[in-house]
Amino acid sequence: MLKGRTWIFDHEAIIAASSAVGGPFEAQGPLAGDFDLLFDDLWLGQDSFEKAEKKLLEQACQTAIRKSGIRQEEIQFFLAGDLLNQIITSSFAARTLSIPYLGLFGACSTSMEGLALAALMVSAGFADRVLTGTASHNGAAEKQFRYPTEYGAQKPPTAQWTVTGAGAAVVVSSGKGPRITSATIGRVIDKGISDPFNMGAAMAPAAVDTIKTHFQDLQLSPTDYDLVLTGDLGKVGHSIATELLTKQGLIFPPGVFGDCGLMIYRDDQPVFAGASGCASSACVTYGHVLNRMLQGELKRVLIVATGALLSPLSYQQKETIPCIAHAVAIHAGEESSR
Amino acid sequence: MIFFWSFVVGGLICVIGQLLMDVFKLTPAHTTSTLVVAGAILDGLNLYEPLIDFAGAGATVPITSFGNALVHGAMAEAEKHGLVGVITGIFEVTSAGISAAIIFGFIAALLFRPKG
Amino acid sequence: MANAKTKDQQQYQNLANKRDPGRPALKNCILAFLAGGTICLLGQLISTFYMHFFDFTEKNAGDPTVATLIFLSSLLTGLGLYDHIAQWAGAGTIIPVTGFANAITSSAIEHRSEGFVLGVGGNMFKLAGSVIVFGVFAAFVIATIKVIIMGLGGS
């Protein structure tokens with residue numbers, strides 16, 4: 001069913017299993033226990049950052065498939081995207097997994113773009129078992145979007161740290177597990193911010209637009225969710241978003257409105273304004289959040305992944321940063337096994 | 001005394017660079033390019049050499065001295081060979097810096113990997 | 001696109017600027033002064049060393065000094081230490097010739113995964129190229145102007 005810009009999944013779309021993998025920096029963070037795999041080598045034994053990112057995504061996908069109990073050959077479609085040019089991480093992982101593949105690009109909003117589409121396919125009856133995932137790698141992202149990793153530029157306090165990690169989920173049409181109940185598709189919003197070292201401020205309006213639309217489309221109130229998380233707005237972006245939402249009359253109870261980018265690292269890790277990257281929302285959602293749902297701590301969650309749709313070239317050509325946010329609502333299923 | 005002044009003058013040139021980055025929001029590439037042009041202009045006005053005499057390494061180590069050295073090289077050749085010397089002489093004086101950077105950079109690429 | 005901001009965008013910019021923690025310019029300047037001054041002082045010491053123990057004069061001690069500083073910067077960059085120093089030193093490590101060496105070395109190291117010819121060779125000047133280009137062009141313009149003026153002035 002469609003309401004405004006929101007898909008309501010009348011027929012079941014269930015997360016059979018999910019997985020989060022991370023790198024050495026993530027292993028030092030407070031959510032380390034919610035990762036299935038943590039690598040202590042930033043290179044994952046590969047000879048380039050890009051190949052390491054591909055391996056991260058492969059590991060996340062293979063772990064999610066294994067946890068679901070479904071055979072890899074029975075997964076019907078693979079929806080994935082990442083930050084690298086031509087989304088090579090996803091395409092090359094798809095080559096390894098050998099599952100019919102749809103490549104996506106939503107920058108850091110890819111995780112929820114993939115989850116929404118997977119739920120749509122399954123709920124509409126066009127698939128029974130879909131895999132979706134995304135990955136990011138700090139070294140690869142810095143190399144492509146900003147500066148070589150060893151370059152001595154001084155990052156401002158609004159800069160963010162790209163997560164080295166990957167998250168994946170297997171969405172099925174029947175069985176036990178958290179249910180994907182609705183998804184709101186984002187619109188590209190550009191409020192004229194052009195500083196690639198302050199993406200939080202660029203993305204906040206997109207998050208607010210999608211959240212507001214979701215609540216309006218479904219006629220919900222701020223107490224209808226236990227947890228509403230943006231993907232990677234960071235300190236600056238999240239405080240802007242909170243202010244904008246308050247102005248619109250959406251005031252969440254304390255502790256409800258959070259940001260994945262602020263959860264994945266400890267305060268004393270040098271991450272400036274917080275985490276970013278496709279893996280920010282993916283690792284927190286597919287690891288920590290779903291674990292808490294399976295343990296019964298959370299019943300109704302809204303994940304709003306936010307993406308900045310710039311390229312290194314667009315910035316050099318003096319363009320501003322257009323952004324987008326996709327929201328997916330997940331409700332706890334009947335009791336499910338871990 | 002030159003030790004003292006090399007510290008102070010070098011430090012002040014860096015402060016100028018810091019202000020260009022923090023207040024005028026220039027990138028490091030824009031900042032260093034601006035300072036290199038400034039060094040070239042100052043040498044054109046015959047102001048950079050006296051600064052070097054006064055502050056020693058405080059004036060020769062910052063990137064501004066690269067601009068100064070390029071103009072010097074150009075002028076030295078131009079004095080001998082006329083206007084064409086401007087083109088043929090530019091890299092004469094700066095050869096050490098650029099060669100060293102390329103050589104050591106290449107060796108580093110042979111030996112090291114980025115640490116993240 | 002992008003040059004004329006709508007009123008709505010302008011309003012948002014104001015909000016975002018309010019929330020921007022801003023760069024600690026004063027602290028950065030002090031640290032840049034100390035770090036940059038120290039590197040230049042080190043350069044002075046190295047110069048003096050070359051003049052006393054080798055046959056360099058004040059005029060040409062600059063060359064080996066610069067080469068030594070570049071060697072040290074490349075080494076620190078390769079060891080993964082330079083960027084950590086630079087985060088607090090800011091312009092103090094960017095403006096001295098160390099910044100130039102770091103730009104070249106970090107680009108070279110980063111792109112080794114694309115091979116030595118296209119990766120290292122092709123990308124080495126990605127960041128440092130503008131300094132060379134603008135320095136050379138500025139020197140060309142300035143030297144040309146000077147030569148013409150001197151020619152006209154007949155000095």
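Analyst: Let's start with burial: a residue is buried if 20 or more other C-beta atoms lie within 10 Å of its own, exposed if 12 or fewer, and partly exposed in between. Keep in mind that this is a predicted model.

User: OK, how do I use that on a strand? How many residues of strand β10 of chain A are buried?

Analyst: You go along the strand and apply the cut-off to each residue. For β10(A), residues 179-184, the count is five of six, so the strand is mostly covered.

User: Which strands does β10(A) pair with?

Analyst: Look for bridges, then check the sense. Strand β2 of chain A (residues 6-8) runs antiparallel to β10(A), and three bridges join them. Here A:Thr6 faces A:Thr184 of β10(A). β10(A) also pairs with strand β15 of chain A (residues 323-331), again antiparallel, over five bridges. In that pairing A:Arg179 has A:His331 of β15(A) as its bridge partner.

User: Zooming out, how many helices and strands does chain A have?

Analyst: Chain A has nine helices and 15 strands. As for burial, 62% of the 338 residues count as buried.

User: What share of the contacts in chain A joins residues at least 24 apart in sequence?

Analyst: Take the contacts between residues at least 6 apart, then ask what part of them spans at least 24. In chain A that part is 81%. For chain B, the corresponding share is 57%.

User: Can we try one residue? Is B:Phe54 buried, exposed or partly exposed?

Analyst: Count its neighbours. B:Phe54 has 14 other C-beta atoms within 10 Å, so it is partly exposed. This residue sits in helix α3 of chain B (residues 48-55). For a sense of distance, B:Phe54 and B:Cys14 are 40 residues apart in sequence and 17 Å apart in space, C-alpha to C-alpha.

User: Now the interfaces. How many residues of chain B are in contact with chain C?

Analyst: The size of an interface is often given as the accessible area lost when the parts come together. Here we count residues instead: 60 of chain B are in contact with 59 of chain C. Several helices of chain B each supply at least two residues to that side, including α2 (28-44), α5 (64-81) and α7 (95-111). The largest share, 16 residues, comes from α1(B). By class, chain B's side divides into 43 nonpolar, 14 polar and three charged residues.

User: And how many residues does the contact take from chain A and from chain C?

Analyst: That contact takes 26 residues from chain A and 30 from chain C. On chain A's side, α6 (199-217) and α7 (234-247) each supply at least two residues, and α7(A) gives the largest share, three residues. The classes on chain A's side are 10 nonpolar, nine polar and seven charged.

Methods: Residues numbered from 1 in each chain as written. Chains lettered and ligands numbered in written order. Predicted model: local features only at pLDDT ≥ 70, side-chain atom pairs only at ≥ 80, totals over all residues. Contact = placed C-beta atoms within 7 Å. Helix = DSSP H or I, 4+ residues; strand = E, 2+ residues; numbered from the N terminus. Nonpolar A, V, L, I, M, F, W, Y, C, P; charged D, E, K, R; others polar. Pairing = 2+ DSSP bridges.
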